[in-house]
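Please view the sequence and the structure first, then read the points grouped by topic below.

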Amino acid sequence: MTADQTAAWAEQAIAEAAHEPGSAHPSREEQVLLRIERARRRRPKVREERITLAHGAGGKATRTLIDAVFVDAFRNPALEPLGDGAVLDVNGGRLVFTTDSYVVSPLFFPGGDIGDLAVNGTVNDLAVCGARPLYLSAGFILEEGFPVADLRRITASMAAAAAHAGVTIVTGDTKVVQRGRGDGCYVTTSGVGVLEREITLGEPMVRPGDAVIVSGPIGEHGITIMIARGELDIEADLASDTAALHDIVATLLDAVPVRMLRDATRGGVATVLNEVAQAAQVSVVIEEPAIPVRPVVTGACELLGLDPLYVACEGRFVAVVDGDHAAAAVAALRGHPLGEGAAVVGVVEADPAGLVLLKTAFGGTRIVDVLVGDPLPRIC
């Protein structure tokens, strides 16, 4: 958007508000925020005639596709919260059920592969719902000609990750597609876990005054995958952060009152925080200097023109906790091997509702919007 277009957009917002009956003349900033809120209230509509890569990137296009197509078709009370898993009441107990698909390229990368990524990702979706993971399924779509040795390597990795997480792979499925139709190997895993604590987690539980915490340095998985593709002349001593988070999540839940947990995968921390702000109708204000990012990730992002806030993690989560317990939460996380870099990165405020604001290292403030486009395709 050019400077002239931006100015015209703001003027239109002011003009629209000026015609609202009984409304005082707000400031220019207030009118811009009003225009954003009006845009977000519009009914989701997929405007593209065909699916694009952006629809799988975890940002605006993904959310629009989910709301306008999948939720519209499958609407029910268990689905509508759109959490990392569905909480189900079964015979007086509570279970969590989740499913995910993995299409990462390349299949093998520093720190992991598609196999342990599939196990850890599903374990983590259960964990951030507050559940203890129990059982997984595993479905494979294999391309004709895929090396059996690579398949054995992937399944061995899955078995090791499942054993480490204390879960059992109890069922599965295999399909083979023609050469050139499947890109080697895709994996789909589903998981079941049990809720053993009397807690309710989710965006509606978030309140002004709460603290926003990330469990460790962000962006490592996405940048690792980008470099591993070999398309860039970049070398870095970096590995994916893929890990099972159920144990560290349990440590946090036992230590302090937790409002919400989300693992920061596609779309990164920025997308998670926008979902919190919009669902809870609060403002999330984060401090740029407080965000833990390793120098190698910062450097790679600067070279690639990326913001670490939007880069995927596979072994980090975002937590919103009671603000009075923020220090205790960070202490509990840092006492766990996976939480050494945990930090409070911001606070929840009442206004402006629905927005994420970043206080920069230079003293300014900017809006952190939902990811647009597809900067890192096929990172999980």
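**Briefing on the predicted model**

Arg153 lies over the face of Phe108, at 3.8 Å from the ring centre; a charge sits over a ring if NZ of Lys or CZ of Arg is within 6 Å of the ring centre and within 35 degrees of the ring normal. This is a predicted model, in which local features need pLDDT of at least 70 and side-chain atom pairs count only at pLDDT 80 or more, while totals for chains, interfaces and linings use all residues. Residues are numbered from 1 along each chain as its sequence is written, and side-chain values use heavy atoms, with hydrogens and water left out.

**Cis peptide bonds**

- The bond from Ser105 to Pro106 is cis, with omega near 5 degrees, and Pro106 lies in the loop between β2 (93–102) and β3 (108–109). Helices (H or I, at least four residues) and strands (E, at least two) are DSSP runs, numbered from the N terminus.
- Asp351 and Pro352 are also joined by a cis peptide bond, with omega about -5 degrees. Pro352 belongs to the loop between β12 (343–349) and β13 (356–359).

**Positive phi outside glycine**

- Asn91, in the loop between β1 (86–90) and β2, has a phi near 50 degrees. Asn91 is exposed, with a relative accessible area of 81% (exposed means over 50%, buried under 20%, and partly exposed in between, with a 1.4 Å probe and protein chains only).
- Asp183 has a positive phi of about 55 degrees and is located in the loop between β6 (168–177) and β7 (185–194). Asp183 is partly exposed, at 40% relative accessibility.

**Surface patch**

- A nonpolar surface patch is formed by Val69, Phe70 and Phe74, with about 290 Å² of accessible area together. Such patches take residues with over 30% relative accessible area and no salt bridge, joining nonpolar side chains (Val, Leu, Ile, Met, Phe, Trp, Tyr) within 5 Å and like charges within 9 Å. Areas come from the Shrake-Rupley method with a 1.4 Å probe, and for residues only the protein chains shown count as cover. A salt bridge is a side-chain nitrogen of Lys or Arg within 4 Å of a carboxyl oxygen of Asp or Glu.
- Phe70 is part of helix α3 (residues 60–74) and counts as partly exposed at 40% relative accessibility.

**A covered strand and its partner**

- Five of the six residues of strand β9 (residues 258–263) are buried.
- β9 pairs with strand β11 (residues 317–321) in the antiparallel sense over five bridges; pairing requires at least two DSSP bridges between two strands.
- The bridge partner of Asp263 in β11 is Phe317.
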